[in-house]
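Thanks for making time this morning.

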Amino acid sequence: MRFLTRHRNAVLLASLLAFLSPVSSASPATTAVSGIRHWSSGEYTRVVIDLEGEARYEAGFLPADPGNGLPPRIFLDIEAAEVREELLRAPVRVKDGLLRDVRAGRNRQGIVRVVLDLERESGYRVFDLSGPPRIIVDIDSKGSGSSPAAGPAPTRGRILVMIDPGHGGKDPGAIGPSGLMEKDVVLEIGRLVRQQLLADGRFDVRMTRDSDLFIPLEERTAMANQAAADLFVSLHINASRNRRAEGISTYVLSHATDRESLELAARENGVPVAKLSAVKFIIDDLSTYGRKKESLRLAKSVNDSIVRNVRRRHGPVQDLGLKQAPFYVLVGARMTAVLVEASFISNRTEETRLRSRAYLETIAHSVAEAIRYYGEKNGALASAGT
Ligand SMILES: [Zn+2]
């Protein structure tokens, strides 16, 4: 994953093939632009360009050219590429106040140029994900100035929580020694958290999925941003080659704090560790983009709550604590965002616990408790009454 961000007038080079030599633009096509997806909210637009194979690309910004009737544009030049005919014929209309449309064309030999016509000059960032390969462009109305999330905590009285049960559909997540699947466990926990928060009466709750459905990582964050959620809580179960590894940890987006965190993020992202190690330089920028301080506070609260309640109701559990790692699903989240790894499915004892409804209820109760505590501490629930 490489990021280009906040550069307006420079043409920058990025690559999905960080460790290979450049591909000549005269090479036969090795990839194709197969689709363009997008999500909008008032202040934010995410565009995903789906590719059929890994690609090298350049991204850049072009200022408005009134003489030729051209708006400000972001462009991506994708090397050794083809493009589907229907994308050539018809631009994707967006018209959301930030982005007018996305169009694709064959540029120089072997180069496909994707152009994002902006409705006004805005800040943006470009990064790529693999498995399957795609390029993501985030456009932000707040421009390239201060952090968009630097304002005060929400004060509208109700907190909108986006619960994100990890994996789903064709992606089972981690699988335990007796066959229990992470995707099923986290969906159950997610539904229980929702039930708890709705019963409280002071929360609005949405879920990125409420069935056994595959959703790409970038779409989960986009859903939270589009809904203008106040909190994003991604639910996962840990796994390790070391079958004795056990315990509870909760993450925020940042550099990996240790080797285990890096390996975990690579597994959750569906990429090799080497690919993740190469992206350290982008993280400082990312950390200022969301609510880092609030996220750390919520993550600590969630982790403490789970550990305390599991010990009280189910017996000893290891407290692995608050950690940081580059999880793709947290990239670009504009709100307080945490990722919970609630036990190890690879550990026989913890897998047995995860099969018990009472244990999942304890996890869910703890997450909901931490969210309530966070809301009260941040004053967001002060006017909501009980
Ligand atoms: Zn997971």
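Let me begin with a definition: a charge sits over a ring if NZ of Lys or CZ of Arg is within 6 Å of the ring centre and within 35 degrees of the ring normal. With that in hand, look at Lys-170, whose charged end sits over the ring of Phe-214, 4.3 Å from its centre. Likewise, Arg-113 lies over the face of Phe-75, and here the distance from the ring centre is 4.1 Å.

Before going further, a word on the source. This is a predicted model, in which local features need pLDDT of at least 70 and side-chain atom pairs count only at pLDDT 80 or more, while totals for chains, interfaces and linings use all residues. Residues are numbered from 1 along each chain as its sequence is written, and side-chain values use heavy atoms, with hydrogens and water left out.

Now to the rings themselves. Rings of Phe, Tyr and Trp (for Trp, its six-membered ring) pair if their centres lie within 6.5 Å, and planes under 30 degrees apart count as stacked, over 60 as edge-to-face and the rest as tilted. How many aromatic pairs does the structure hold? There are two aromatic pairs. Phe-61 and Tyr-124 form a stacked pair, 6.2 Å centre to centre with 20° between the planes. This pair links distant parts of the chain, since Phe-61 is in strand β5 (residues 56-62) and Tyr-124 in strand β11 (residues 123-129), 63 residues apart; strands here are DSSP runs of E, at least two residues, numbered from the N terminus.

Tyr-251 and Phe-327 form an edge-to-face pair, at 5.1 Å centre to centre and 80° between the planes. Tyr-251 lies in strand β16 (residues 248-253) and Phe-327 in the loop between β17 (319-325) and β18 (336-344), so this pair ties together parts that are 76 residues apart in sequence.

Phe-61 counts as buried at 3%, Tyr-124 at 6%, Tyr-251 at 2% and Phe-327 at 1%.

Finally, the backbone. Most residues other than glycine have a negative phi. Ala-80, in the loop between β6 (73-78) and β7 (81-83), has a positive phi near 50°, and this residue is buried at 2% relative accessibility. Lys-95 has a positive phi of about 45°, lies in the loop between β8 (92-93) and β9 (99-106), and is exposed, with a relative accessible area of 52%.

Key. Helices (H or I, at least four residues) and strands (E, at least two) are DSSP runs, numbered from the N terminus. Buried means under 20% relative accessible area, exposed over 50%, partly exposed in between (1.4 Å probe, protein chains only).
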